[in-house]
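Dear colleague,

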Amino acid sequence: MEKNKVLTICNQKGGVGKTTTALNMGAWLSIFAKVKVLLIDIDGQANLTACTSIDNSKISGTSFDLLTNDNIKAEDVIYKGNDLFDIIISDERLNNIDLILNGVMDRERQLLYKIESIVKDYDYIIIDCSPSLNLATINSLVASDYVLIPVQSDYLSIRGTAKLLDSINKIRERMNPKLDILGVFITMYDNRKINDKNIYFTIKEQFKDKAFDTFIRENVRLKESPIEKKSIFEYDKNCNGYVDYYNLFIEVWKRLGGKVNEK
Ligand SMILES: Nc1ncnc2c1ncn2[C@@H]1O[C@H](COP(=O)(O)OP(=O)(O)OP(=O)(O)O)[C@@H](O)[C@H]1O
Ligand SMILES: [Mg+2]
């Protein structure tokens, strides 16, 4: 199994399941693979932050502070009060990150420099991005070994992936040669729609061996579990959301060199 890896969940299209995937991947890795995980919310919407139970009195800073304040170290802003994973939360000041980092030297490498000292403390660091290629997202991609891409099962979403791949390639060429696409998977799949079936084949054709076989079906339980501040694995063992995300993460785990006990 690969260790001490940083992975960004990224798609500049909104509402495709990035945050849902980050939350559940953190939980899956902790519960089933028993590895140590840090989640970083680097989205000004702070949705991942809202999905986890946090004791606000124990928060001393956010990913915004980490990116913008030279005196703040990653150790200072990691919240350790959660059972399954540690987390660096975010806040709405991140929405202005492009303006604030304007003119700062190495502005794309702030996160990379800041997490260098803590990568050794975690098996996996998972970063949840906003639906834009702003400087917070670019910082995440520059600091990452892998990018995992959820794609919603509709035509326009699939068209958008070409732009995303182009951006990832540029970041790899100019700033982070080790950045690799771990894979692409379909979310919010509705098997009653014939259209969706075609999209599955399109993704397979476009991404070849980067496409995961598992696709995440639409499932209302995935919407409900964050309200209870729970992952799907803690919330409902008998729903499609559990089955699909479990199977997806088995595939992800194999790509990371992890061992799986086949039943
Ligand atoms: N497979 C699914 N079935 C049904 N609802 C889902 C599924 N995946 C995610 N959702 C819901 O869809 C909405 C968008 O999901 P999510 O917040 O994970 O997307 P996102 O890509 O992080 O969005 P944003 O780009 O705004 O950050 C949420 O309400 C979430 O609960
Ligand atoms: Mg999100």
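Helices here are DSSP runs (H or I, at least four residues), numbered from the N terminus. This is a predicted model, in which local features need pLDDT of at least 70, side-chain atom pairs count only at pLDDT 80 or more, and totals for linings use all residues. Residues are numbered from 1 along each chain, ligands from 1 in the order written, and side-chain values use heavy atoms, without hydrogens or water.

The largest share of the lining of the largest pocket comes from H1, with four residues. A pocket is an open set of points on a 1 Å grid over the protein atoms alone, where a 1.4 Å probe fits, with protein on both sides within 12 Å along at least five of seven lines; lining residues have an atom within 4 Å of a point. The volume of this pocket, the space filled by probe spheres set on the points, is about 540 Å³. Of its 25 lining residues, those closest to the centre include Gly 17, Thr 20 and Met 188.

Among the polar contacts (N or O pairs within 3.5 Å), an oxygen atom of ligand 1 lies 2.5 Å from a side-chain N or O atom of Thr 20, and a nitrogen atom lies 3.0 Å from a polar backbone atom of Arg 217.

Yours sincerely

Key
A polar contact is a pair of N or O atoms within 3.5 Å; within protein, one must be able to donate a hydrogen and the other to accept it, and residues adjacent in sequence count only if both atoms are side-chain atoms. Helices (H or I, at least four residues) and strands (E, at least two) are DSSP runs, numbered from the N terminus.
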